[in-house]
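Student: I have a new structure open and would like to learn how to read it. Can we go through it together?

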Number of protein chains: 2
Amino acid sequence: MSDKRVYLYDSTLRDGAQTQGVDFSAIDKAAIARELDSIGIDYVEGGWPGANPTDDAFFADRPKMGRGKFCAFGMTRRAGRSAENDPGLQAVVGAGADVVTLVGKTWDFQCAVALGVDLDENVRMIGDSIAHAKGRVGEAMFDAEHFFDGYKENPEYALKCVRAAYEAGARWVVLCDTNGGTLPHEVTAIVSEVVKHVPGSHLGIHCHNDTENAVANSLAAVLAGVRQIQGTLNGLGERCGNANLISLIPTLMLKMGFETGVSPNDLTRLVQVSRLLDERLNRAPLRNAAYVGEAAFAHKGGLHVSAVEKDPKCYEHIRPELVGNHRRILVSDQAGRSNFLARFREIGLDVDPTDPKVARLIDEVKTREFGGYAYDGAEASFELLARMVLGDVPDYYRLSSFRVIDERRWNAQGALITLSEATVKVTLNDGPHMAVAEGNGPVNALDAALRKVLVPVYPQLADLRLVDYKVRILTPEAATAAVTRVLIESGDSKGNTWTTVGVSTNVIDASYNALRDSITYKLYRAGVEA
Amino acid sequence: MSDKRVYLYDSTLRDGAQTQGVDFSAIDKAAIARELDSIGIDYVEGGWPGANPTDDAFFADRPKMGRGKFCAFGMTRRAGRSAENDPGLQAVVGAGADVVTLVGKTWDFQCAVALGVDLDENVRMIGDSIAHAKGRVGEAMFDAEHFFDGYKENPEYALKCVRAAYEAGARWVVLCDTNGGTLPHEVTAIVSEVVKHVPGSHLGIHCHNDTENAVANSLAAVLAGVRQIQGTLNGLGERCGNANLISLIPTLMLKMGFETGVSPNDLTRLVQVSRLLDERLNRAPLRNAAYVGEAAFAHKGGLHVSAVEKDPKCYEHIRPELVGNHRRILVSDQAGRSNFLARFREIGLDVDPTDPKVARLIDEVKTREFGGYAYDGAEASFELLARMVLGDVPDYYRLSSFRVIDERRWNAQGALITLSEATVKVTLNDGPHMAVAEGNGPVNALDAALRKVLVPVYPQLADLRLVDYKVRILTPEAATAAVTRVLIESGDSKGNTWTTVGVSTNVIDASYNALRDSITYKLYRAGVEA
């Protein structure tokens with residue numbers, strides 16, 4: 001095993017779930033775990049079995065891993081009980097994970113104040129629990145809670161705790177800066193001592209960002225000998241967040257010569273993985289995020305732009321393509337134009353740059369983006385708009401009107417029910433059609449009514465299904481009178497997916513706009529004539 | 001002068017203004033400069049006189065400083081001209097600032113590629129310009145652009161450049177990591193060499209956050225001897241931003257024993273200063289910002305909460321009051337009993353922990369969260385639920401039914417319009433009421449109709465307004481049939497704000513649930529009887 005191999009441990013689904021406002025469903029968790037596994041994260045922590053219904057549901061149907069190991073998190077046994085007789089610990093070791101990670105105290109003050117546990121009994125709790133978990137599951141690791149605070153006050157005791165875990169068979173002993181208050185130079189000094197007691201090849205680091213140093217602290221620990229890093233995607237986590245794996249991975253690989261389970265090819269998916277989490281959380285991605293932010297390689301006019309065009313190394317610390325990002329040149333109209341032409345080439349649209357329609361299309365996109373459209377996340381709508389301006393797309397149907405009624409009332413049985421019913425009037429080649437349908441929400445009803453009219457004429461729509469539906473309010477100052485942007489991701493039975501966008505002050509109207517683009521795109525791609 | 005005195009240099013108004021989407025007016029600049037001065041920042045950089053009309057207007061009426069010095073930024077003279085005959089340099093030294101900061105090249109590659117300037121002439125440009133600016137203004141400093149990249153490739157030349165600035169009389173020679181790609185251990189190594197050539201008491205550091213290490217790099221430089229730090233408020237700046245002074249100041253003062261111009265009393269205004277910038281930029285403050293974020297001292301996990309209640313040092317790295325922040329206890333799926341009890345105390349709810357109603361409430365919250373509710377972002381709904389289970393909240397009105405109609409059609413003028421109209425049937429003490437209203441969206445219409453009935457009876461609702469409205473789809477696999485969670489933030493004319501949540505398969509229904517909680521909360525808080 002190379003000394004340059006650093007193992008990555010992701011805690012997005014457990015420590016990340018501690019973030020204010022974050023509330024993963026079991027389905028969210030499965031999707032994120034698959035993504036983490038697919039880019040080569042060594043350990044994926046799923047949650048704390050037995051702690052809440054979501055984690056129980058998630059572990060009951062745990063994701064299959066291809067490259068990484070799936071971890072269950074829990075606590076060392078309680079004082080005065082055997083590991084075998086501790087129901088909390090049993091729920092964790094019996095959860096069907098590949099690895100068990102147990103957290104325990106290493107700060108004498110914490111034992112006394114938070115737990116009221118005898119210091120020697122705490123050491124036995126660590127050793128017993130790790131040995132038991134290793135015996136039951138095969139691989140166990142120890143998260144040494146408050147290790148740095150503990151070491152600063154009582155180094156002997158903190159070291160005794162981590163040695164107990166190591167000697168009981170822990171594959172990894174992870175030094176946690178639980179309160180996030182430790183600084184990089186302190187990490188360097190303390191880890192340099194710890195490696196004299198536990199080999200660096202068995203040590204990990206777990207940092208929090210309370211002083212904006214979680215990434216630097218993790219790097220300092222690795223330079224002092226540690227070979228495992230715990231962190232989260234986008235630095236998600238309680239308070240100020242955990243160490244950001246999205247920043248750490250490229251720094252380790254591209255700047256420090258370390259190897260991880262992530263290949264250079266996986267690394268080009270970094271932007272995508274970072275965005276996936278934001279989408280699951282319905283959050284706008286952080287524009288200025290290191291490596292993956294939209295602005296990370298953006299250059300405002302003037303000196304920087306001309307220098308970057310001469311040699312990118314003038315103002316770029318790495319090649320953006322290495323992490324799946326790309327350079328953005330802001331402001332100049334010329335730059336805008338070349339961006340558009342590059343996007344046209346991307347969607348296979350062969351246009352003459354001098355065609356006056358191109359200028360018209362650029363104006364149209366800029367006007368729409370100013371009004372709230374966002375074509376970056378909705379390639380299908382962008383392609384349709386481009387092809388429409390260029391006169392390519394048939395008019396498959398014309399909507400004369402729709403009406404959606406949402407009714408909340410008490411039914412005859414005394415139950416409160418809400419019904420949605422949509423009526424559409426559509427003109428096809430053979431004349432006007434009308435249909436009505438119910439749904440369990442206004443957009444669902446509208447979708448159902450449209451299909452009643454369209455599927456008999458366009459059977460290609462029979463397998464169209466809505467994969468995801470997102471709503472974002474764009475000018476929250478105006479609250480319910482704000483502009484709403486709806487993104488719809490659609491799919492078909494062949495596994496194709498495409499995303500469309502709609503904008504309106506009315507959420508139903510915005511949803512319809514996105515729905516219409518999705519239907520039109522499906523028919524256009526299938527080569528259907530109107 | 002104590003060796004522990006670190007000088008702070010703020011570049012929010014110049015480097016911060018390079019941020020994508022940031023466009024300060026002269027009035028914004030004046031307000032921010034006053035704020036920086038008032039908390040004791042040593043140097044406030046106003047901008048680049050002569051570079052754009054905003055900076056010209058700002059310098060023409062420059063802010064008066066109480067404690068700090070006001071700086072003009074510019075570039076060293078051009079090649080082949082004297083400093084006296086360079087119009088760009090003359091605009092900077094003649095702008096009426098207290099200090100002039102001049103940037104120049106120190107990377108041989110940059111001189112060759114970006115400028116096409118002879119290496120020796122570049123050294124003369126630095127020395128001439130600094131000497132001239134010092135003569136004209138009294139204090140001059142040199143920003144050594146790309147110093148770290150330059151040093152890595154040609155240390156002799158990079159050192160020659162900074163020595164030229166120092167020998168020409170620069171008060172400070174500032175080592176800039178312009179591309180942001182340098183790591184903390186490299187900063188330590190390189191600065192340790194530079195201090196052999198220029199005394200640390202005359203060296204500064206200027207970092208960018210492209211690897212998420214700008215704060216750590218600044219600290220590493222200070223530990224290696226540098227005594228000035230350049231940064232920006234909230235880490236504003238081009239690409240991934242500059243070093244964040246808001247994070248650096250408390251770390252230097254509270255954790256490293258350094259003195260700055262900021263007093264411990266000024267430090268308690270840190271949250272306020274950070275928010276001021278966000279308000280000027282009309283941005284939502286970053287929740288998880290170190291020290292000043294709303295979540296920086298928020299506790300969600302059950303174990304953490306019970307420990308923090310015993311002794312805050314268990315899970316807080318500093319006392320939040322030192323930086324003007326405060327502790328927050330969150331309630332959620334993750335939460336244990338102690339979070340609930342702590343939250344009850346915070347909202348002034350005096351309950352007996354052994355009351356069986358408490359267990360029922362905890363079950364109710366957990367069940368609702370499993371069904372999609374999220375109470376950690378919706379304190380008002382949590383409080384209402386708690387008070388309802390405990391039997392405290394009057395029934396202000398009963399909604400018998402509502403109906404919302406969204407119609408999209410062509411009007412008589414041939415324009416496509418979408419109308420939303422809501423009808424509500426509400427029972428009050430005096431019997432049934434009915435009202436209808438239009439809005440520019442279904443929720444807006446529903447809100448308007450409800451007010452028509454309620455405001456005459458409850459005038460306390462007249463100043464209720466919706467501040468923000470967020471929608472999240474929770475089980476996107478089911479797409480339009482998914483469960484929808486709506487968060488509504490409301491406010492009143494006294495500046496109070498509160499957040500409520502609603503969940504349903506129907507977005508209109510979910511919105512109504514959140515709206516109802518908001519109305520009820522406002523009336524309950526106003527002490528209104530039903």
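**Reading the model**

Tutor: Let's start at Arg327(B), which sits in the loop between helix H13 (302-310) and strand E10 (328-329) of chain B. Helices (H or I, at least four residues) and strands (E, at least two) are DSSP runs, numbered from the N terminus. This is a predicted model, where local features need pLDDT of at least 70, side-chain atom pairs count only at pLDDT 80 or more, and totals for chains, interfaces and linings use all residues. Residues are numbered from 1 along each chain as its sequence is written, while chains are lettered from A and ligands numbered from 1 in the order in which they are written.

Student: Is Arg327(B) buried, exposed or partly exposed, and why?

Tutor: You count other C-beta atoms, placed from the backbone, within 10 Å of the residue's own: 20 or more is buried, 12 or fewer exposed, and in between partly exposed. Arg327(B) has 18, so it is partly exposed.

Student: Which residues does Arg327(B) touch?

Tutor: A contact means that two C-beta atoms, placed from the backbone, lie within 7 Å. Leaving out residues up to four places away in sequence, Arg327(B) touches Phe297(B) and Pro320(B). Ala298(B) is 29 residues from Arg327(B) in sequence, yet their C-alpha atoms are 5.8 Å apart.

Student: How do I read a pair of helices?

Tutor: Two packed helices are described by the angle between their axes and the distance between the axes. Axes are lines fitted to C-alpha atoms, for helices over the stretch in contact, and angles run from 0 to 180 degrees between N-to-C directions. In chain A, the axes of H1 (residues 26-38) and H12 (residues 270-280) come within 11 Å and cross at roughly 175°. That makes H1(A) roughly antiparallel to H12(A); under 35 degrees counts as roughly parallel, over 145 as roughly antiparallel, 65 to 115 as roughly perpendicular and the rest as oblique.

Student: Which residues of H1(A) and H12(A) make the contact?

Tutor: H1(A) brings Asp28(A), Ala31(A), Ile32(A) and Glu35(A), and H12(A) brings Val273(A), Leu276(A), Leu277(A) and Arg280(A).

Student: And how many residues of chain B are in contact with chain A?

Tutor: 98 residues of chain B contact 93 residues of chain A. Strand E11 (residues 398-410) of each chain also pairs with its counterpart, antiparallel over seven bridges; pairing takes at least two DSSP bridges. There, Asp406(A) stands opposite Val404(B).

Student: What scores does the predictor give the complex?

Tutor: An ipTM of 0.75 and a pTM of 0.75.
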